[in-house]
Amino acid sequence: MSQEIWTAVDEHFVDQLVLHDEALMAALRSSEEAGLPAINVAPNQGKLLQMLAKLNGAKRILEIGTLGGYSSIWMARALPAGGKMVTLEFEPLHAKVARANIERAGLASVVEVRVGAALDLLPLLFEEHQEPFDLVFIDADKLNNPHYFQWALKLTKSGSLILIDNVVRGGAVMDADSEDPNVLGVRKVLEMIGKESRVTGTAIQTVGSKGYDGLALVLVN
Ligand code: SAH
Ligand code: DHB
Ligand code: MG
């Protein structure tokens, strides 16, 4: 069992479950044309994010790591009228591509793309005293996951869902001696979740078109 079959099965899911439409495909095409890395979530993962947002009745969503806005579009579509998403992106080019993709998807009035290092933007967001977020999707530089998780706790409330992408990274998470700061960030955040009495958390391994990885799901108590 390997990448070839995982990709084939994901393509089968996309076909059978109709996991794409014009705006989502255009977002991937324009991201590729602009030279962005294809590290967006897979279509079936995007739809899972959308369904989790719906199940949680999310009215306010925070995303850390926008890239070309592919996951943003999936999640923003779960928002009810009057809902709002803030998504944080360090690279101005990524943010520019994302804004165009979000606009094409008809979500420009719902999704606000903020440009900068998330660790600079999160304190500013906190100081704005907006309503708490119902869902936070952490999907940026993995070394800062512990910090992002702490900020997510500050910016959410009881019943909010915090999702952390890429917690397996091909199994690299198992290398306790790793010197890769990204691996250390992933290991540390899992440890924090386990020790944090304010949350209920789990993690799931995934395979598919994006390889072997995983998603952590954390419910704020
Ligand atoms: N959520 C996207 C994928 C995000 S890829 C999707 O699934 O479609 C990770 C993104 O995080 C990249 O665009 C990268 O530029 C951004 N990023 C990396 N470090 C960051 C930082 N410190 N602050 C904000 N964004 C960052
Ligand atoms: C990487 C980042 C991601 O968010 C992802 O889903 C896959 C890979 C990366 O930085 O390599
Ligand atoms: Mg990711």
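Mentor: A definition comes before the questions: helices (H or I, at least four residues) and strands (E, at least two) are DSSP runs, numbered from the N terminus. The structure above is a predicted model.

Trainee: Between which two helices does the loop with Val 18 lie?

Mentor: Helix H1 covers residues 3-17, and helix H2 covers residues 22-33.

Trainee: Is Val 18 buried or exposed?

Mentor: Phi of Val 18 is near 50°, a positive value in a residue other than glycine. A residue counts as exposed when its relative accessible area is over 50%. The relative accessible area of Val 18 is 61%, so the residue is exposed.

Trainee: Where does His 129 lie, and what is its relative accessibility?

Mentor: His 129 is not a glycine, although its phi is positive, at about 50°. His 129 is placed in the loop between helix H6 (118-127) and S4. His 129 counts as exposed, with a relative accessibility of 68%.

Trainee: Which helix holds Val 97, and how far apart in space are Val 97 and Leu 36?

Mentor: Val 97 is part of helix H5, which covers residues 92-104. Its relative accessible area of 8% is under the 20% limit, so Val 97 is buried. Val 97 and Leu 36 are 61 residues apart in sequence, and their C-alpha to C-alpha distance is 8.9 Å.

Trainee: Which protein residues are donors of the magnesium ion (ligand 3)?

Mentor: Donors are N, O and S atoms within 2.8 Å of the metal. The protein donors lie 2.0 to 2.2 Å from the magnesium ion. In sequence the donor residues are spaced D-x25-D-N. They are Asp 139 (OD), Asp 165 (OD) and Asn 166 (OD1).

Trainee: How many residues apart in sequence are the parts that Asp 139 and Asp 165 tie together?

Mentor: Asp 139 is in the loop between strand S4 (133-138) and helix H7 (145-154), whereas Asp 165 is in strand S5 (residues 156-165). Both are donors of the magnesium ion, so the pair ties together parts whose separation in sequence, in residues, is 26.

Trainee: Are Asp 139 and Asp 165 buried or exposed?

Mentor: Buried means a relative accessible area under 20%. Asp 139 has a value of 13%, and Asp 165 has a value of 9%. Asp 139 is therefore buried, and Asp 165 is also buried.

Trainee: Which residues surround ligand 2, and what percentage of it does the protein bury?

Mentor: The surrounding residues are Ile 39, Asp 139, Lys 142, Asp 165, Asn 166 and Arg 169. Oxygen atoms of ligand 2 lie 2.6 Å from an N or O atom in the side chain of Asp 139, 3.0 Å from one in Lys 142 and 2.7 Å from a polar side-chain atom of Asn 166. Taken alone ligand 2 exposes 290 Å², and the part of that buried by the protein is 65%.

Trainee: Which residues come nearest to ligand 1?

Mentor: There are 21 residues around ligand 1. The nearest of them are Gly 65, Ser 71, Glu 89, His 94 and Asp 139.

Trainee: What polar contacts does ligand 1 make, and what percentage of it does the protein bury?

Mentor: A nitrogen atom of ligand 1 is 2.8 Å from a polar side-chain atom of Ser 71. An oxygen atom of ligand 1 is 2.6 Å from a polar side-chain atom of Glu 89, and an oxygen atom is 3.4 Å from a polar backbone atom of Leu 67. Ligand 1 taken alone exposes 580 Å², and the share buried by the protein is 90%.

Trainee: In which pocket does ligand 2 sit?

Mentor: The space taken by ligand 1 is the largest pocket. Ligand 2 also has its place in the largest pocket.

Trainee: Which backbone oxygen does the side chain of Thr 156 reach at 2.7 Å?

Mentor: Thr 156 is found in strand S5, and at 11% relative accessibility it counts as buried. A polar atom of its side chain lies 3.4 Å from the backbone oxygen of Leu 153. At 2.7 Å, the side chain reaches the backbone oxygen of Ala 152.

Trainee: How far apart in space are Lys 210 and Leu 153?

Mentor: Lys 210 lies in the loop between strand S6 (199-208) and strand S7 (211-220). At 35% relative accessibility, Lys 210 counts as partly exposed. Lys 210 and Leu 153 are 57 residues apart in sequence, and C-alpha to C-alpha the distance is 28 Å.

Conventions:
Residues are numbered from 1 along each chain as its sequence is written. Chains are lettered from A and ligands numbered from 1 in the order in which they are written. This is a predicted model: local features need pLDDT of at least 70, side-chain atom pairs count only at pLDDT 80 or more; totals for chains, interfaces and linings use all residues. Side-chain values use heavy atoms; hydrogens and water are left out. Donors are N, O and S atoms within 2.8 Å of the metal (3.2 Å for Na, K and Ca); water is not among the atoms, so sites may look incomplete. Buried means under 20% relative accessible area, exposed over 50%, partly exposed in between (1.4 Å probe, protein chains only). A residue is near a molecule or strand if one of its heavy atoms lies within 4 Å of it. A polar contact is a pair of N or O atoms within 3.5 Å; within protein, one must be able to donate a hydrogen and the other to accept it, and residues adjacent in sequence count only if both atoms are side-chain atoms. Accessible areas come from the Shrake-Rupley method with a 1.4 Å probe; for residues, only the protein chains shown count as cover. On a 1 Å grid over the protein atoms alone, a cavity is a set of points where a 1.4 Å probe fits but cannot get out, and a pocket is an open set with protein on both sides within 12 Å along at least five of seven lines; lining residues have an atom within 4 Å of a point. A molecule sits in a cavity or pocket if more than half of its atoms lie within 2 Å of its grid points.
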